[in-house]
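Here is a quick tour for someone who likes cut-offs spelled out. Have the viewer open while reading.

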There are 2 protein chains.
Amino acid sequence: MTSDKMLPPGSTIGILGGGQLGRMLATAAAELGFRCHIYCPDGESPAFDVAAARTTAAYENQSALAAFAGSVDVVTYEFENVPAATAAFLGDQVDVLPGPRALAVSQDRLSEKELMQSLDIPVAPFARIDDLAGLEAALGQLGRPSILKTRRFGYDGKGQVAIRPGDDPAAAFEAIAGKPAVLEGFVTFAREVSALVVRGRNGETAVYDIAENVHRNHILATSTVPAQLSATTAGAAREIATRVADALDYVGLLAVEMFVVEDAGVERLLVNEIAPRVHNSGHWTQDGCIVSQFENHIRAIAGWPLGSTERHSNAVMTNLIGAEADEWATLAAEPGARLHLYGKAESRPGRKMGHVNRISPRVG
Amino acid sequence: MTSDKMLPPGSTIGILGGGQLGRMLATAAAELGFRCHIYCPDGESPAFDVAAARTTAAYENQSALAAFAGSVDVVTYEFENVPAATAAFLGDQVDVLPGPRALAVSQDRLSEKELMQSLDIPVAPFARIDDLAGLEAALGQLGRPSILKTRRFGYDGKGQVAIRPGDDPAAAFEAIAGKPAVLEGFVTFAREVSALVVRGRNGETAVYDIAENVHRNHILATSTVPAQLSATTAGAAREIATRVADALDYVGLLAVEMFVVEDAGVERLLVNEIAPRVHNSGHWTQDGCIVSQFENHIRAIAGWPLGSTERHSNAVMTNLIGAEADEWATLAAEPGARLHLYGKAESRPGRKMGHVNRISPRVG
């Protein structure tokens, strides 16, 4: 069920997941006068520290879910691997946004790619993989190197393995535990970009300026805005993101990650993956725009008019991974840098501990 | 006691007072990875919704205060009328910033004016009033109209009464219940401005651009930046605020409200009053600067380097008083406007319910 009413200030936003995205959603919601109730299995969740109410329970705990649903006016989530059964159970009692279709599609790389094909949106060449024989056949078609990726539960490079010339396909298939997968042809891209579109309950859309992303060890390292991109390609990226959001009848903030391929000086876009949530590559909007991705996600799910996605400054967002956040004192002293820390007690290698937005006057 | 160490992320900031200023301090602190513990006698405090820990108790409750002090790494406050005994009690266990001198001076209009005099900072002509005879004598000196103001606990026009030609001084003295007071000569000012200075534990200072303020019914209505002010006068306002902060060995954000008087085209500044806390006339910094007054206050009391006070945009802040906040849906749809709502359950006439920052490209 999805109602068309605007939730008035004082309403309670329920958020599944208590990590940094939930935390930043909660503070953005508070700025609009909303209360937040965070639901997370982990009692040490960073988002708990900025929420009016907290539930620590498993996503399968139906009595906890029922109580949660009864205490909130809308439910959203900070990660796309919310179990479908959890979303369906909550959805019987309260609006869950983005809706089940967005969740289903983004939880399955194959569905994601098939959706893009149905929308005439280019993706890397791919094949569905269900067994080793299929993998070997697909390698014959797509060539090497290719990348074998599990259809479900992959993120930050987890659940994927490259197959290079000489590599044993059986070993690769074993590395992903023989799970349903897709094989993707290797794409030589000039750069990676992302388009963040927000879509309201009434179908209104707005897109932030395209960010150029650099990954390191499969984890986002930096996002830079404006991206090095022709105006035509930037426009195409915005249009693709909007087309995907419209096709999903999406409500909230949707991130669409793309590769930019250059063929003889001509830029082409391939969609890599989508995320039905606020996204790391949109953290620059906190300090580069009047209305951040977090506020716009809350506005959308609350049925409010969207806020401006206009950019007032240039921005470079740099993630602070693991021990990099130990440099907080140096970063805090840097002029033009806005430091964001997530309040995580324990720093582990590969763990996102914070980010810094380096802001400069708008050019381009 | 005041230590010189930088509080690491994960430390807990204690805040006395749970209104909108405490709420906005708490979310700013969370952005830097701090936890917040709000102490407020009112169980319905807006700041509770964004805090990791809450205490509902009276400011005289020593066992609650002791437990609070034991749970936090530094204490600050969102209002200047914290009882001196409360601050002293907490100060025996933990740093309380800004310190007792700033609190004592700003709680007493007479001390405030005497401090300005000792610093050669102009104020409106005034006289100390302890009894009716003194009031009548002072009226002879300062003329009419004059304004009789209680020395303590005045805000938003409370505790003050104008004495115009023909008014009975005894009635005015009775209107303030015969409390210790000051009589202020009437000042015909061209405009009101405020300078917000932040001072770190190491004495470092930074000043935001001067805001021009309009009051309605003694309550701040709008703050506009940049102010209509010559560069010389703006520089003088910044210098005055810095001088006051230095004289108080202040730590945190200090607001200095001033009148601009024009004599034959020459601008002169008179200090009206100071507030030892984040201030309504600095709310524009949330959307006009990279680092807001709230974050800079937290940085200062945590012993961190100050953040930039540079302004990236022009801004007009408009308070939403009482029923004005009922227009939230219209305001939310206005391009270039950033809406801030405080999550107060009940709208009452004169109650500050939120504010809106209207942002435009920086000019001047």
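Which residue caps the N-terminal end of α5(A)? Asp108(A) does: one of its side-chain oxygens sits 2.8 Å from the backbone nitrogen of Leu110(A). In α5(A), the buried residues are Arg109(A), Leu110(A), Glu112(A), Lys113(A), Leu115(A) and Met116(A). Buried stands for under 20% relative accessible area, exposed for over 50%, and partly exposed for what lies in between, using a 1.4 Å probe and protein chains only. After α5(A) comes Asp120(A), with a positive phi near 60 degrees.

## Ground rules

This is a predicted model, where local features need pLDDT of at least 70 and side-chain atom pairs count only at pLDDT 80 or more, while totals for chains, interfaces and linings use all residues. Residues are numbered from 1 along each chain as its sequence is written, chains are lettered from A and ligands numbered from 1 in the order written, and side-chain values use heavy atoms, with hydrogens and water left out.

## Salt bridges inside the chains

Over all chains, the structure holds 44 salt bridges, each defined as a side-chain nitrogen of Lys or Arg within 4 Å of a carboxyl oxygen of Asp or Glu. Asp108(A) turns up again here, paired with Arg151(A) at 2.6 Å between the closest N and O atoms. That pair links distant parts of the chain, 43 residues apart: Arg151(A) is in the loop between β6 (146-150) and β7 (160-163), and Asp108(A) in the loop between α4 (100-106) and α5 (109-118). Both Arg151(A) and Asp108(A) are buried.

Lys149(A) and Glu184(A) also meet in a salt bridge, at 3.1 Å from N to O. They too link distant parts of the chain, with Lys149(A) in strand β6 and Glu184(A) in strand β8 (residues 181-185), 35 residues apart. Lys149(A) is buried at 6% relative accessible area, and Glu184(A) is buried at 4%. Over in chain B, Glu184(B) and Lys113(B) form a salt bridge at 2.8 Å, N to O. Glu184(B) is in strand β8 and Lys113(B) in helix α5 of chain B, so this pair ties together parts 71 residues apart in sequence. Glu184(B) is buried at 3% relative accessible area, and Lys113(B) counts as buried at 4%. There is also a network: shared partners join Arg191(A), Glu212(A), Glu262(A) and Glu267(A) through salt bridges.

## Around Thr150

Thr150(A) is in strand β6 of chain A and counts as buried, at 4% relative accessibility. Its side chain reaches the backbone oxygen of Arg152(A) at 3.0 Å. Leaving aside residues up to four places away in sequence, Thr150(A) touches Arg109(A), Gly159(A), Ile176(A), Lys179(A), Pro180(A) and Ala181(A). Contact means heavy atoms within 4.5 Å.

## Where the chains meet

How many residues of chain A are in contact with chain B? The count is 39, and they meet 39 residues of chain B. The area buried between the chains is about 3,200 Å², with 56% of it from carbon and sulfur atoms; buried area is the accessible area (1.4 Å probe) that two parts lose on being put together, summed over both. Glu31(A), Ile290(A) and Trp328(A) supply 20% of what chain A buries against chain B, more than any other three residues.

Between chain A and chain B there are 4 salt bridges. Arg338(A) forms a salt bridge with Glu295(B), its closest N and O atoms 2.8 Å apart. On chain A's side, α1 (20-31), α9 (285-288), α10 (293-301), α11 (328-332) and β16 (337-341) each supply at least two residues.

## Symmetry

Chain A can be laid on chain B with an RMSD of 0.0 Å by a turn of 180 degrees and a shift of 0.0 Å along the axis. The two copies are thus related as by a two-fold rotation axis. Of chain A's residues, Val50(A) comes closest to the rotation axis, at 2.1 Å (C-alpha). As 100% of chain A's interface residues are also interface residues in chain B, the copies meet through the same surface.

Definitions and conventions:
Helices (H or I, at least four residues) and strands (E, at least two) are DSSP runs, numbered from the N terminus. Copies are superposed by least squares on the C-alpha atoms of residues with pLDDT of at least 70 in both. A polar contact is a pair of N or O atoms within 3.5 Å; within protein, one must be able to donate a hydrogen and the other to accept it, and residues adjacent in sequence count only if both atoms are side-chain atoms.
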